[in-house]
Amino acid sequence: MVETSRSAAVAPCSRPMTRILAGSRCSCLAVWSLVGFILMIHFFTHIHRDDEEDVLVPLSHLSDIRELEEVEEVTFHFSPPRDRRSPRALKRKGPRKPPTVIDEFLDESSEVHAFFFPNRKTTFGPTKEGNNSMYFYPGRVWLDTDGNPIQAHGGGLLYDDRTETYYWYGENKDGPTYHAHRKSAARVDIIGVSCYSSKDLWMWTNEGIVLPGVETNVTHDLHKSNVLERPKVIYNDKTDQYVMWMHIDDANYTKAAVGVAVSDSPTGPFTYLYSMRPHGCESRDMTIFKDDDGKAFVIYSSEDNSELHIGPLTDDYLNVTRVMRRILVGRHREAPALFKHQGIYYMITSGCTGWAPNKALAHAAESIMGPWETMGNPCVGGNRVLRLTTFFSQSTFVAPLPGLPGSFVFMADRWNPSELKDSRYLWLPLTIGGLADEPLEYNFGFPHWSRVSIYWHKRWKLPEGWRTE
Ligand code: GAL
């Protein structure tokens with residue numbers, strides 16, 4: 001012991017060999033005891049946590065969940081893309097680099113595009129199939145109870161305890177698509193935030209535009225020439241108000257701010273309060289999350305979309321506090337969708353490729369403020385191309401199924417930049433379970449996250465018992 005402590009004071013490289021060996025044996029022992037100790041603490045805290053928070057899923061529901069988790073493979077064969085240049089240009093310049101499947105997906109005249117945006121004849125919804133079909137068809141046009149295509153893009157759900165009703169808020173993009181400048185992204189003027197209501201998550205009634213765009217006042221944030229994206233609503237129990245947060249921008253996406261609006265009713269009208277840069281930082285794709293204890297948080301892409309920021313809201317949910325953490329720094333993630341299961345926070349994000357689809361990633365954290373770890377691509381089934389493009393869509397929200405702990409609905413947008421109003425919704429089952437398949441950035445907390453899986457289904461319905469608390 002004395003030896004060790006004395007040698008510890010000497011620089012390791014200057015010690016004689018025997019001492020080094022003895023010293024290293026001792027320090028090895030110390031390190032292993034420490035590791036053992038940490039492992040034991042970790043093991044017991046997890047057992048304790050599991051004891052406290054395990055929710056037993058009734059046996060009858062297990063078969064329902066298994067149905068959601070069926071792995072459905074898809075194969076598709078498309079004819080090779082045509083080179084549409086004149087024979088003379090072809091001869092002069094030689095064959096062109098073949099377009100990628102994503103280029104084809106975005107090209108409205110291609111076979112691939114037609115495949116992923118099936119025409120209006122394949123719509124689904126209550127007016128089409130009667131009230132009891134209840135099947136979701138991801139990617140098909142979804143009709144509301146009036147028989148009109150649902151307009152709620154980049155949206156999110158709110159379950160309102162008082163009315164025992166779900167509300168779906170999203171961007172109404174039912175206008176012409178155009179480019180503000182030659183090189184800018186495709187856009188639609190701000191029409192407003194739509195709201196739909198439902199008791200069963202399948203049959204949606206149009207409640208109208210609850211926050212309209214502004215036609216005349218060009219200085220207003222909501223002037224039609226600006227950008228309003230990804231609206232989300234949460235209810236504040238203390239102030240009895242429904243609070244909406246959204247991405248507010250100018251047509252060139254240089255304002256990079258959040259907007260806040262409030263209402264006394266889930267169906268509005270919402271009163272627009274202001275826009276701001278949270279924590280003085282740029283904010284583009286964003287979401288808000290209300291935790292079980294009523295604390296709410298905003299999560300937004302910042303610093304040129306290179307990182308996400310997360311911070312608690314004030315108690316009235318109308319502002320941010322001074323606390324903020326930078327997460328997934330340098331990872332270039334956006335379209336965050338947060339959810340929670342058994343005390344662990346999960347998040348799905350997309351890469352930053354505008355309207356073009358890319359690979360989703362799942363992340364997990366023990367504290368909502370981080371550190372957040374990345375677990376890999378959650379997409380299961382379909383085929384490789386579908387999995388690498390989030391089934392040709394981008395995350396927007398993840399809604400819990402209260403009767404089936406660990407099961408959720410993953411909500412995503414399949415954007416159609418040649419006709420944004422015809423962008424489609426992909427709702428798919430998301431489950432948490434099994435071990436994450438990537439080793440993760442291990443730390444001394446030894447987190448053992450469960451895997452997050454989003455299952456491809458051409459057609460699926462919610463299992464019985466999804467809503468029983
Ligand atoms: C995406 C973003 C969308 C929209 C789009 C515009 O990256 O997720 O919400 O802003 O860019 O190109």
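In the predicted model, the ligand is surrounded by G154, A185, E229, R230, D285, E334, A335, C352, G354, W355 and Q394. By residue class, this shell divides into 4 nonpolar, 3 polar and 4 charged residues. Two strands, β7 (227-236) and β15 (333-341), each supply at least two residues of the shell around the ligand.

Strand β15 also belongs to an open sheet of 4 strands, which are arranged in the order β15-β16-β17-β18 with antiparallel pairing. Because β15 and β18 (373-376) stand at the edges and each has a single partner strand, one side of each is left without a neighbour in the sheet. Neighbouring strands of this sheet are turned against each other by 30° on average, direction ignored. Within the sheet, β16 (residues 344-351) and β17 (residues 361-365) run antiparallel and are joined by 5 bridges; T349 has L361 in β17 as its bridge partner. In general, the strands of a sheet pair through backbone hydrogen bonds, in either a parallel or an antiparallel manner.

A further site examined is K255, which is placed in the loop between β8 (241-249) and β9 (257-263). K255 has 18 other C-beta atoms within 10 Å and is therefore partly exposed, since a residue counts as buried at 20 or more such atoms and as exposed at 12 or fewer. When neighbours within four places in sequence are left aside, K255 is in contact with I248, D249 and D250. The C-alpha atoms of K255 and N226 are separated by 9.7 Å, the two residues being 29 residues apart along the chain.

Notes. Residues numbered from 1 in each chain as written. Predicted model: local features only at pLDDT ≥ 70, side-chain atom pairs only at ≥ 80, totals over all residues. Near = placed C-beta within 6 Å. Nonpolar A, V, L, I, M, F, W, Y, C, P; charged D, E, K, R; others polar. Pairing = 2+ DSSP bridges. Axes fitted to C-alpha atoms, helices over the stretch in contact; angles between N-to-C directions. Contact = placed C-beta atoms within 7 Å.
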